[in-house]
Amino acid sequence: MKDSFEILKDLYGQEVDPTPYGNGHINRTYVSKGKPRLIVQQINTHVFPRPLDMMNNIVAVTKHLTKKLVAAGKDPLRATLTVVPNKNGENVSVIGNDYYRAYLFVEDSVCYDLVSPAILEEAGKSYGAFQQLLADFPAETLFETIPHFHDTPSRYVTFTEVLERDAHGRAASCKEEIAFFKAHEDFYHTVQDRLDSGVLPLAVTHNDTKINNILFDKDGKGLCVIDLDTVMPGSRLYDFGDALRTGAATAAEDEEDLEKVGFDEEKFAAFARGYLSTVKDAMTEEEIQLLPESFLLLTLECGMRFLTDYLDGDNYFRIHKPNHNLIRARNQMKQAIEIEKRLPQLHEIVREST
Ligand code: ADP
Ligand code: GN1
Ligand code: MG
């Protein structure tokens, strides 16, 4: 019987290197060996149980982006993801119980986990421009790939349920962290309640704006926003806060030496400058006012998700060592403490950038 990689070779006409590629936590990413090279991904169906609906979103969004980029005189093959169908014309290849898809590999690009302020300003422009290009996309046609993805109060409910079950007997090993995330319960409502009441507008957002979800060119210019699995209606504040969570950090999100963990105000300022330069006109005063809080909120939310997954037996985020999710949760908790201390300065920076 043929193995998956032999079938992928038949379907895409190129050998696919079985060595995993990149630092994503969700999908399994591979690179093909032909020309043009392809990124071939096994979709994580535990996280995305309806891969066909998700790919319909991605095809629609990338077509929209392509049209707008062409009109702006940009090369869409480098400025957005391009889905490559298999030899049967399908955007998803089903092999046994597994689902695969392919994109054009954006050549001569770089992807960073830790970045300089200059790169962050570019990142801000890229995510801001992404939102701007999708401002006229019909949001109601998008399938919600992960409902309540950044609904922080709902994430908190899940956290308390998983904690209550404590199915792996791990709660005793993280009492301080549990108390920390419980103590912030009220703050989790900052964005969600205002979205629900209409004070904050709903927009088409990326929802997974990690810094390694942008490809840059060799000169450090933002090229292409990738990882479109979670493009859904949401708040622009999610994208702003989540990008800074990794972008402004002084260390990787799984750095164990907490002395090194924190954030850099210069990086915060650079990202805010780049972001506001591309999308400020579309934003309301309420959104701009909450930009610093979104950085804190998304850091807390991600820390709480890591802790939930640790308590739940590590079945969501890919781990590379024991306690990896607990290490990540402690890291995000330290970063949140640092942000909390300096919220007034962050408001000052936003005021200066507007
Ligand atoms: P995950 O959902 O697991 O994070 P991503 O879609 O972000 O998966 O891909 C993982 C990594 O693969 C990215 O961080 C990037 O390094 C690389 N990558 C993804 N798509 C492309 C592409 N089209 N061209 C070049 N590199 C890519
Ligand atoms: C996941 O797929 P990746 O690695 O870009 C996660 C994000 C988290 C991030 C934490 C679909 O992002 O929400 O912020 O890990 N993506 C999904 O590193 O859950
Ligand atoms: Mg990714």
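**Chat notes**

Modeller: Let me start with a side chain: Arg-194 is partly exposed, with a relative accessible area of 35%. Keep in mind as we go that this is a predicted model.

Biologist: Where does Arg-194 sit?

Modeller: Arg-194 is in helix H7, which covers residues 189-196.

Biologist: And what does Arg-194 touch, leaving aside neighbours within four places in sequence?

Modeller: With those left out, Arg-194 is in contact with His-189, Val-199, Leu-200 and Leu-290. There's also a pairing across the sequence: Arg-194 and Glu-286 are 92 residues apart along the chain, while their C-alpha atoms are 9.4 Å apart in space.

Biologist: OK, zooming out. How is the chain divided?

Modeller: Into domain 1 (4-104) and domain 2 (117-353). Their C-alpha centres lie 25 Å apart.

Biologist: How many residues are in contact between domain 1 and domain 2?

Modeller: 27 residues of domain 1 are in contact with 27 residues of domain 2.

Biologist: What about the largest nonpolar core: which residues touch the most other members?

Modeller: That core has 96 residues, and Phe-159, Phe-181, Phe-271, Leu-307 and Leu-311 touch the most other members. Helix H11 (residues 291-311) gives the most to this core, twelve residues in total. Domain 1 (4-104) and domain 2 (117-353) both give residues to this core, so it lies between them.

Biologist: Ligands next. Which residues come nearest to ligand 1?

Modeller: Of the 18 residues around ligand 1, the nearest are Asn-27, Gln-41, Val-106, Asn-213 and Asp-227.

Biologist: Now ligand 2. Which residues come nearest there?

Modeller: His-25, Lys-210, Glu-253, Arg-305 and Tyr-316 come nearest, out of 17 residues around ligand 2. H11 gives the largest share of the shell, three residues.

Biologist: What distances do you get to the oxygens of ligand 2?

Modeller: For Tyr-316, a side-chain N or O atom is 2.5 Å from an oxygen atom of ligand 2. Asp-208 has a polar side-chain atom 3.1 Å from an oxygen atom of ligand 2, and a side-chain N or O atom of Asn-213 is 3.1 Å from an oxygen atom of ligand 2. The protein covers 98% of the 450 Å² of accessible area that ligand 2 has on its own.

Biologist: Is Lys-210 buried or exposed?

Modeller: Lys-210 is buried, with a relative accessible area of 10%. Lys-210 is placed in the loop between strand S7 (203-205) and strand S8 (214-217). The side chains of Lys-210 and His-25 are joined by a polar contact of 3.5 Å. Not counting residues up to four places away in sequence, Lys-210 touches His-25, Tyr-127, Asp-242, Arg-245, Thr-246 and Glu-253.

Biologist: Last topic, backbone geometry. Which residues does a cis peptide bond join?

Modeller: Lys-35 and Pro-36, with omega at about -5°. Pro-36 is in the loop between strand S2 (28-32) and strand S3 (38-42).

Biologist: And what is phi for His-148 and Asp-314?

Modeller: His-148 isn't a glycine, yet has a positive phi of about 60°. Phi of Asp-314 is near 55°, and Asp-314 isn't a glycine either. For context, most residues other than glycine have a negative phi.

Biologist: Is Asp-314 buried or exposed?

Modeller: Asp-314 counts as buried, at 18% relative accessibility. Asp-314 is in the loop between H11 and helix H12 (324-341).

Terms used. Residues numbered from 1 in each chain as written. Chains lettered and ligands numbered in written order. Predicted model: local features only at pLDDT ≥ 70, side-chain atom pairs only at ≥ 80, totals over all residues. Heavy atoms only, no water. Core = buried A, V, L, I, M, F, W, Y, C linked by side-chain atoms within 4.5 Å. Buried < 20%, exposed > 50% of the residue type's maximum accessible area, 1.4 Å probe, protein only. Helix = DSSP H or I, 4+ residues; strand = E, 2+ residues; numbered from the N terminus. Domains from an automatic or database assignment. Near = heavy atom within 4 Å. Polar contact = N/O pair within 3.5 Å; in protein donor to acceptor, adjacent residues only side chain to side chain. Areas by Shrake-Rupley, 256 points an atom, 1.4 Å probe, with all protein chains shown as cover. Contact = heavy atoms within 4.5 Å.
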